[in-house]
Amino acid sequence: MTKESFDGISTRAIHGTLQISPDHSPVTTPIYQSSAFVHPVGSSEEVMYTRHGNNPNQVTLGAKLAALEGAEHAIFLASGMGATALAHLAVLRPGDHLLASSWIYGGTLRLFTQEFGKLGIDVSFVAPDSQRNWRRRVRKTTRAIFVETPTDPTMRVVDLEPLATFSRERGIALIVDSTFATPVNFRPLEHGADVVIHSATKYLNGHSDIIGGFVAGSEAIVEEVRLLMQVWGQAPDPHATWLAERGLKTLAVRMERHNANGLAFATWAAQHPAVLKVHYPGLPDHQDHEIAARTLDGYGGMVGLTLAGGAAAADAALRELKLAIHAPSLGGVETLVSEPRFTSHVDMSSEERADLGMPDGYIRVSLGIEDVADIIADFEDAFAALQP
Ligand SMILES: *Cc1c(COP(=O)(O)O)cnc(C)c1O
């Protein structure tokens, strides 16, 4: 066996590319809680400074993330939004056009619509479920295509391969936000993407206790992101970086449980009279089930429910829940619920949200890793309290 042959996804989450540990070295990475590092006198070597992305905690975690995504390089940043912003700035220049999926995280939508115009970057949006849409809206100046998959909050799954072929033919960079899948369930680079973005705040760290993000891709792109980080300042703190590395070690076992709980909960909800529609790509009647079954290694722990009783039922059910916590994030060990009409999609009208597949009465559930019988019992009780 060579070191490189230990390459299972759980092994990579723990060890990255295996290093042989010298005698008396620590088993885990120490926290280098230092802003600056001693610089050799008279040396023109790169200065070691935590904002520069060369703190040992950042370097170690970056290598593990690259190993997980199957990327040449990866860099950990202070937030998922920081990762999204800098990945795009690494590729786009004034005068360029960005063609983005319209099924994206609210913060990303605001970045594209409120900020990119000021930088001379034109953005247009297309529904990503038809190849024709992309072909119709592409321009000579299109330099990047951005998609999120699976999507928030309706769990649509985008087929990347035809999009990757289309982008490659035109020399366009394909950038994918893969936060909901994690590298355990889906690795976009294997399907032709050029750059992968994650909010590590979610499943990657998994314990709802830090904000972080990462970008993975070619060495050239990641180095460009690192240089941008040095001047725009989205550098992560060493302690948060260390926590993310610690969280990452259990990613594969957590995802196994998230996947199992997601499927069990969705299957239960699909037969409940209080639920009009379940949005989960693991269910055979989900509109993207075929794509999901073909491309994902797991369907994830995010489930959307449209309640038969509409907005009033959603509010009433959320008040009754005792185990599930009403909070706007996802991907933690604890089950979280939210109503997109008050959080990510608060800026839209009821009609606009309904068009995107989330009418009033839509709740998003991030299944934690508790016993699924307890989670189901909590929702069973909450739904029993609703007016028939
Ligand atoms: C949360 C989230 C982000 C933003 O990440 P932060 O870590 O909160 O900055 C981006 N994309 C998706 C899909 C998310 O869920």
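Modeller: Let's start with a cut-off: a polar contact is a pair of N or O atoms within 3.5 Å. Keep in mind that this model is predicted.

Colleague: Okay, what makes Asp237 a cap for the N-terminal end of H9?

Modeller: A side-chain oxygen of Asp237 sits 2.9 Å from the backbone nitrogen of His239. The limit is 3.5 Å, so this O and N pair passes.

Colleague: And how do you know that helix H9 is mostly covered?

Modeller: Buried means under 20% relative accessible area, and eight of the 11 residues in H9 (238–248) are buried. Among them are Pro238, Leu243 and Leu248.

Colleague: What do the buried residues of H9 pack against?

Modeller: They pack against helices H1, H2 and H10, plus strand S1.

Colleague: How many salt bridges does the rule find across the interface of domain 1 and domain 2?

Modeller: Five, and there are also 16 residue pairs in polar contact across that interface. On the domain 1 side, the elements giving two or more residues are H4, H7 and H9, with H7 giving the largest share, three residues.

Colleague: How much area do domain 1 and domain 2 bury between them?

Modeller: About 2,800 Å², with 56% of it on carbon and sulfur atoms. In contact terms, 29 residues of domain 1 touch 39 of domain 2.

Technical notes
Residues numbered from 1 in each chain as written. Predicted model: local features only at pLDDT ≥ 70, side-chain atom pairs only at ≥ 80, totals over all residues. Heavy atoms only, no water. Buried < 20%, exposed > 50% of the residue type's maximum accessible area, 1.4 Å probe, protein only. Helix = DSSP H or I, 4+ residues; strand = E, 2+ residues; numbered from the N terminus. Contact = heavy atoms within 4.5 Å. Polar contact = N/O pair within 3.5 Å; in protein donor to acceptor, adjacent residues only side chain to side chain. Buried area = accessible area lost by both parts, 1.4 Å probe. Salt bridge = Lys/Arg side-chain N within 4 Å of Asp/Glu carboxyl O.
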